[in-house]
Amino acid sequence: MSLPFDRLAVLGAGTMGHGIAYAAAAGGFETRVYDVSRAALARGQEGVASLLEREVARERLDRAQANAMRARLGWTTDLGEAVDGAGGVIEAVPEQMALKLDLWARVDRLASREALLATNTSALSISEMAAALASPARLVGMHFFNPVPRMRLVEIVRTHDTPEAIVTSAAAVASAMGKESVVVLESPGFVTTRVNALIGNEAFYMLAEGIASARDIDTALKLGLNHPMGPFELVDLVGLDTRLAVLQHLHERLGEKYRPCPLLVEY
Ligand code: NAD
């Protein structure tokens, strides 16, 4: 597959950053991963190495392919080095607006004027974050899912001002990484988080009302509706705090329908 450009920078080497870096290297991008923490870079690098070993053990990659992927990845605490010559920058640092604004202002001074600028935010406003850039319409959301190497979707989040060429470029990057993409207009929770929050909240209401046990609600959704995981299994994975924070955010922005179930708040 032809790549829209050769080189990507991934900002943040954490849960999402190292997964995005893995997918980028698998897609053929020369990828530089930037993090403020050397320990996080080392963990990210180890994470990628163990993913590669697993793929080799399962014979989904041969040793030469794994080595080639590893060679495409560089790890650095120098932001300038990471974005230098990059055709695209994907940011995956913690979900704090002030931190992201500061980082994007620095990227704006260092990155090429033509580079694709994408944030992996789960819920923050793209427009608000884009205020850090000289040309705010450049910033697009690329919402990857955890674990990135296995999850096939990327939600491309655009605003009313996003040029079509930027949406196309983000879709081409996702496709090169082997992902399907959908285009979503900026709105709280995009498509997936919004639907998922409602299902998760409803599951807590059913538990509180004594309709069924957590285990049976999980089984019902898995076997009856073909969900790969039950809502309680999922909340164990993402954490009760995260689930509550997402619902509170959606409740604030979208109204009563998203008011967190009292049992979830209690837990
Ligand atoms: P994480 O905490 O695992 O990783 C964040 C990394 O960013 C850490 O390695 C940290 O050292 C680094 N960092 C902190 N400040 C930095 C800075 N100023 N510059 C560079 N690096 C910095 O977080 P995560 O779970 O990977 O989440 C990253 C983003 O992805 C968030 O916006 C989150 O909302 C989003 N997201 C997370 C998930 C998920 O399931 N974890 C899913 C989709 C989207």
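## Ligand contacts

A backbone N or O atom of Val 93 lies 3.3 Å from an oxygen atom of the ligand. Such a polar contact is a pair of N or O atoms within 3.5 Å. This is a predicted model, where local features need pLDDT of at least 70, side-chain atom pairs count only at pLDDT 80 or more, and totals for chains, interfaces and linings use all residues. Residues are numbered from 1 along each chain as its sequence is written, and side-chain values use heavy atoms, without hydrogens and water.

An N or O atom in the side chain of Lys 100 is 2.7 Å from a ligand oxygen. For the side chain of Ser 122, the distance is 2.6 Å. The protein covers 77% of the 830 Å² of accessible area that the ligand has on its own (Shrake-Rupley method, 1.4 Å probe).

## Nonpolar cores

The largest nonpolar core has 40 residues. Such a core joins buried Ala, Val, Leu, Ile, Met, Phe, Trp, Tyr and Cys residues through side-chain atoms within 4.5 Å. Buried means under 20% relative accessible area, with a 1.4 Å probe and protein chains only. Ile 20, Ile 90 and Met 177 are among the members that touch the most others. A second, separate core has 26 residues, including Trp 104 and Phe 190.

## Asp 108

Asp 108 counts as buried because its relative accessibility is 8%. A polar atom of its side chain lies 2.6 Å from the backbone nitrogen of Ala 134.

Note on methods:
Buried means under 20% relative accessible area, exposed over 50%, partly exposed in between (1.4 Å probe, protein chains only). A polar contact is a pair of N or O atoms within 3.5 Å; within protein, one must be able to donate a hydrogen and the other to accept it, and residues adjacent in sequence count only if both atoms are side-chain atoms.
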